[in-house]
Amino acid sequence: MVRSLKFAGLYGLVFLLLESLSILQVWHSFNAQKTSLMTGYTEKLEHSYEITTDTYKLVSQTIYNEAIDRPEVIDLIRQANTATPEAQEALRTELFQKLDVTYEKLKEQHLRQLHFHLPDGTSFLRMHRPSKFGDPLFDVRYSVKIANQQQRFVSGFEEGRIFNGFRYVFPLFYQDDSGKKQHIGSVETSIGFQAIRNEMAKLFSGCFEFMLRGDVVRSKVFTNELSNYVESPLNSEFVIESEAMRNRSQPQTPTCHRIDRLNRQLKPIIADRLDRGVPFAIALRLEAADYVATFFPVKNLQDRVVAYIVSYEQDFNLGDYRSNAFLVLSIATGFNLILMTFIAYVNRSRTVLDRQNKTLQNEVNARTLAEQQAQQKSEALQDALDRLKLAQIKLIQTEKMTSLNQLVAGVAHEINNPIGFIYGNVHHAREYAEILDRAIQLYQQPNSSNNASLHAQLKDLELDFVREDFPKLLDSMKSGAMRVESIVKSLRNFSRLDESELKLVKIRDGIDSTLTLLHHRLKPSEKRGEIEMVKTFEDLPPLECYASLLNQAFMSILANAIDAIDRHPPQKETPRIGMSATLSKKTDMVDRILIEISNNGDTIPPEILDRIFDPFFTTKPIGQGTGLGLSTAYFIVVETHGGQLTCRSEPGRDTVFAIELPVKQIHKQ
């Protein structure tokens, strides 16, 4: 009895050790996935911020060129430089009236302020606060100081006397009668965080907040404007804009309604991290859902971190990571229990067998051998399970990159041809230019009156051929450049990176852009001639869809059709892919668009026709396909757009993939 208890205690200790190692390994793997995910969130927020501020920089430059840098505006600022205070008041009123309509239109584009300054940094006119002027700005506005003293364009985030925002300051110049530029002051445009919020919301779904350091705001903002800011619920050292300052025209996502509860979780864990001035992301869990709060530091023109952009997003990856971790841990626990049970059974069997008569020795040996084989099979099964999981992960990652690889390969191939053609013609263009230059030099020589000698030298230059061929060469180079432009336009139309929501698009545009990117695969090969494209399209209404996803489905089906022809080219007819799009009405009175993509490659056998949309099912050789292309297309058409995707393949007829999509999506309330 005592010996049995000792063995039981030993087994328990070994099981706890194995279980601890399993938990440690699973926890380490989960944390690695979580860290990688958080890095992705910070990079996404950083890129969105950079894209948005660069966009508004271009907008501000356009405003300066079209609305500010005009003679009637510049002349008013020039007069204000030397005018008396009374005359300046009249000039200020005239300037305000001249720009009032323009400024109201600019505010619709989220422009927060239009502010003119004199060369010494004195505020001349705030279009957003015309009653506030005459205050010196050099001590509180570094951007205004640099723009006037160094007479150059300045942009970046900066605190202000009324608003804090992203500033774009342009020096102003007047050209006198002698043509010399005279510096007469500066003008700035700026945008607030609401504009940044609206633009970033177009790049990805999320809820945003902007936190500024309270000491910076209190040291710069007019005292009577401090009510525009309230203490941040995340940290008492920061402030946020008050409700009166916010634009609530944008729809609020479900995540936005949970910010207060998310902030209560965040507040005790971010205080130290805010002092570091580096981007970071934190995962949160609320009401059985995962959320990620991402913080990106904003630096002012003195390279000091004075604010943070905060995004809140619901995450659907952490739940999968957590489920996988629990699944792996459960499997490991079960395996450990089986292993310990097996070991206990082996030890018990050995003890019993040792007490048996020598006549049973052969049976004992046989059982021992069977137990060893069972243990080897158990280990082999576990090893096979691990390899299967690894293979599945690799297949999923491979399919995620398949469409991108095809896209990059097609664009690179298509652009290389016209670029190579242009580059090859540059040498001939240079030679023709040198010949024409030489001909001009011959006409300019003092003895050019000697017609016989001149004509002989011109004949050696083959001038007639050059004059005839040079325009053709330039037209060819222009044609190559237009081809590059067409490919880039098709790439933009195919990717539609700025359209993550439902949009009304012309279905033919997506199909044509996809065909352009696959054009290199239609060209002749060693096994077949060039694939003929036969397109028949009716005049169709715009289709409400997720354009980039639908283009991915077209890419998968068209690539599959090309692969089918490449594997088994038709022997008695030209390789052919047909595309048609028609409008039809169903019994439910819903307009639908029917798109059919056919090819005259090999017929799909009936025994596998019902499986072609199954994930991981493929008939391609190992290494040439993951079996996820058609299943992904099926998911996009059926699950995402509420359509239908079917395939018909009969001997002696073309294989046809039929896509049926509703013209209008049914929006869920």
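**Sheet packing and salt bridges**

In the predicted model, strands β10 (residues 289–299) and β11 (residues 305–315) pair in the antiparallel sense over ten bridges. Within this pairing, A293 stands opposite Y312 of β11. Helix α8 (residues 318–354) packs on the sheet, where it touches β9, β10 and β11, and its direction makes about 130° with that of β10. Helix α7 (residues 259–274) lies across β6 (207–213), β8 (238–241), β9, β10 and β11, and runs at about 145° to β9.

The open sheet consists of six strands in the order β7-β8-β6-β11-β10-β9, with antiparallel pairing. Strands β7 (229–231) and β9 (280–286) stand at the edges with a single partner strand each, so one side of each has no neighbour in the sheet. From one strand to the next, the twist averages 30°.

The structure holds 26 salt bridges. One of them joins the side chains of E188 and R167, at 3.5 Å from N to O. Because E188 lies in strand β5 (residues 181–191) and R167 in strand β4 (residues 165–175), the pair ties together parts that are 21 residues apart in sequence. E188 is buried, with a relative accessible area of 0%, and R167 is buried at 2%.

In a further salt bridge, the closest N and O atoms of R521 and D563 are 2.5 Å apart. This pair links the loop between α12 (507–517) and β13 (532–537), which holds R521, to helix α13 (residues 547–567), which holds D563, across 42 residues. D563 is buried, with a relative accessible area of 14%.

R648 forms a salt bridge with E596, with 3.6 Å between the closest N and O atoms. R648 is in strand β17 (residues 644–648) and E596 in strand β16 (residues 591–599), 52 residues apart. R648 is partly exposed at 41% relative accessible area, and E596 is partly exposed at 22%.

Key. Residues numbered from 1 in each chain as written. Predicted model: local features only at pLDDT ≥ 70, side-chain atom pairs only at ≥ 80, totals over all residues. Heavy atoms only, no water. Pairing = 2+ DSSP bridges. Helix = DSSP H or I, 4+ residues; strand = E, 2+ residues; numbered from the N terminus. Axes fitted to C-alpha atoms, helices over the stretch in contact; angles between N-to-C directions. Contact = heavy atoms within 4.5 Å. Salt bridge = Lys/Arg side-chain N within 4 Å of Asp/Glu carboxyl O. Buried < 20%, exposed > 50% of the residue type's maximum accessible area, 1.4 Å probe, protein only.
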